[in-house]
Amino acid sequence: MAEEYITTTTLATPENQPSLGLTPQEESNSTHRVLATEIETPEKATETNPPENSVAAAAQPEVTPEEQRPPKVTETETASTEKKETSEKEEAAEEDKRIPQNLGSFKEESSKLSDLSDSEKKSLDELKHLVRDALDNHQFGSVPKPEDGSNAPEEVTIWGVPLLKDDRSDVVLLKFLRARDFKVKDSLAMLKNTVKWRREFKIDELVDEDLVDDLDKVVFMHGHDREGHPVCYNVYGEFQNKELYNKTFSDEEKRKHFLRTRIQFLERSIRKLDFSSGGVSTIFQINDMKNSPGLGKKELRSATKQAVQLLQDNYPEFVFKQAFINVPWWYLVFYTVIGPFMTPRSKSKLVFAGPSRSAETLFKYISPEQVPVQYGGLSVDPCDCNPDFSLDDPASEVIVKPGTKQTVEIIIYEKCEIVWEIRVIGWEVSYKAEFVPEEKDAYTVVVQKPRKMKPFDEPVLTQSFKVNELGKVLLTVDNPTSKKKKLVYRFSVKPL
């Protein structure tokens, strides 16, 4: 039996670096281009105007979209930098020893019928035939068989998809087949049990019910991963709030209400998936273990056990990947216990990251503009207002090596207002911003004086500058630490 299920805010068991290319809007606009360069940090940094040849480089004729080039990153290293990087790698390796590693790589199975093997197609055809017989004979039990002996078949809908009415039901049936390793009779039995449970739990009524809970910060959907899967976040640390914990788990009635709210949330999320052939019909799940209350609380343990069983039995093959971030030491012990009982396929879907690697790990699968600010990205809470950027505005990523500076040049070819967002994961760097006019004798304008950014400073800096003459904006990050840093930025240009 494939061990596949979705966690819903309970403690359930469990790259290529993108190029710094222009956004679609920028590709169609010949007013600017970006050049990211890395400069070795001198022992004693002094603020000076950019070298004359650097300014001259900006004085280039206007280019057409076809001539635009993506950013070019140039890196320089010193012997001491290499030594510091080695030290960092040793530290990372030590943390990796304490954190469970995902075993093997997982490639999601295709939902396209044309991609199925001959044996899989045969199993699907057999299951469809058995489902048709079951519908004709009212074996799902959703409605009684007519006493007059009429041949009207039973109608069954699951996750908003009517069985055998269109091609979407093929994707639904494939989930049950994969959950039972393509054993047709076992898959049919699981499907019947799921339909029965959904009827008893009154799922269709639950979806439209107006339930009240205070768990919007505990579990929420936000953005998509790089392959288009919607992302669900489970934030266990919120249950450190005793009032919220007691309100959710203190007695059996409250635990039942909690379960109903989570099933409702899951059902509503699933109904937004694409069940068409080749569509995205799985979810990327992120479990934030920071400050998690752990498994010591019996009320939480009881709710977890019940939820896991329901999800495992009735929601097959809905998880694309399970990422556990901010993993604490005790979870390693827990995983060591349950790991041997998991199939290699289930293990291959798991991703683990300690506190220092969480943002870096998420960026492997999710673009920074899609990741919430609290997890290292640029995306603000949906309730907040960000008039300059949205989830659809892509960000660029640059590695700032130990003991180096990273400068992003944004060359401007027309009068405009430029707005940018910038962050460095963990900060502990210095940051400055300047505008260098194209004219050789013009003065450099300091937009942001060199500022030492500490880890607890605001995670994302947003700045703007009105460009009244041609030139370039320079965003410089100076990393004096012995650890490499991840620089994330994006910008937009509005003609004046």
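View 1. The structure contains zero disulfides, a disulfide being a pair of cysteine sulfur atoms within 2.5 Å. The model is predicted: local features need pLDDT of at least 70, side-chain atom pairs count only at pLDDT 80 or more, and totals for chains, interfaces and linings use all residues. Residues are numbered from 1 along each chain as its sequence is written, and side-chain values use heavy atoms, with hydrogens and water left out. Cys232 is buried at 6% relative accessibility. Cys416 is also buried, its relative accessible area being 0%. Buried here means under 20% relative accessible area, exposed means over 50%, and partly exposed lies in between (1.4 Å probe, protein chains only).

**View 2. The salt bridge of Asp170 and Lys128.** Over the whole structure, the search finds 20 salt bridges, each defined as a side-chain nitrogen of Lys or Arg within 4 Å of a carboxyl oxygen of Asp or Glu. In the bridge between Asp170 and Lys128, the closest N and O atoms are 3.2 Å apart. This pair links distant parts of the chain, with Asp170 in helix 5 (residues 168-179) and Lys128 in helix 4 (residues 118-136), 42 residues apart. Helices (H or I, at least four residues) and strands (E, at least two) are DSSP runs, numbered from the N terminus. Asp170 is buried, at 4% relative accessibility, whereas Lys128 is partly exposed at 27%.

**View 3. The salt bridge of Asp213 and Arg262.** The N to O distance between the side chains of Asp213 and Arg262 is 2.7 Å in this salt bridge. Distant parts of the chain are again linked: Asp213 sits in the loop between helix 7 (203-208) and strand 4 (219-224), and Arg262 in helix 9 (residues 252-270), 49 residues apart. The aspartate, Asp213, is partly exposed, with a relative accessible area of 31%.

**View 4. The salt bridge of Lys486 and Glu397.** Lys486 and Glu397 form a salt bridge whose closest N and O atoms are 3.3 Å apart. Lys486 belongs to strand 16 (residues 485-495) and Glu397 to strand 9 (residues 396-400); the pair is 89 residues apart and links distant parts of the chain. Lys486 is buried, at 11% relative accessible area. Glu397 is buried too, at 5%.
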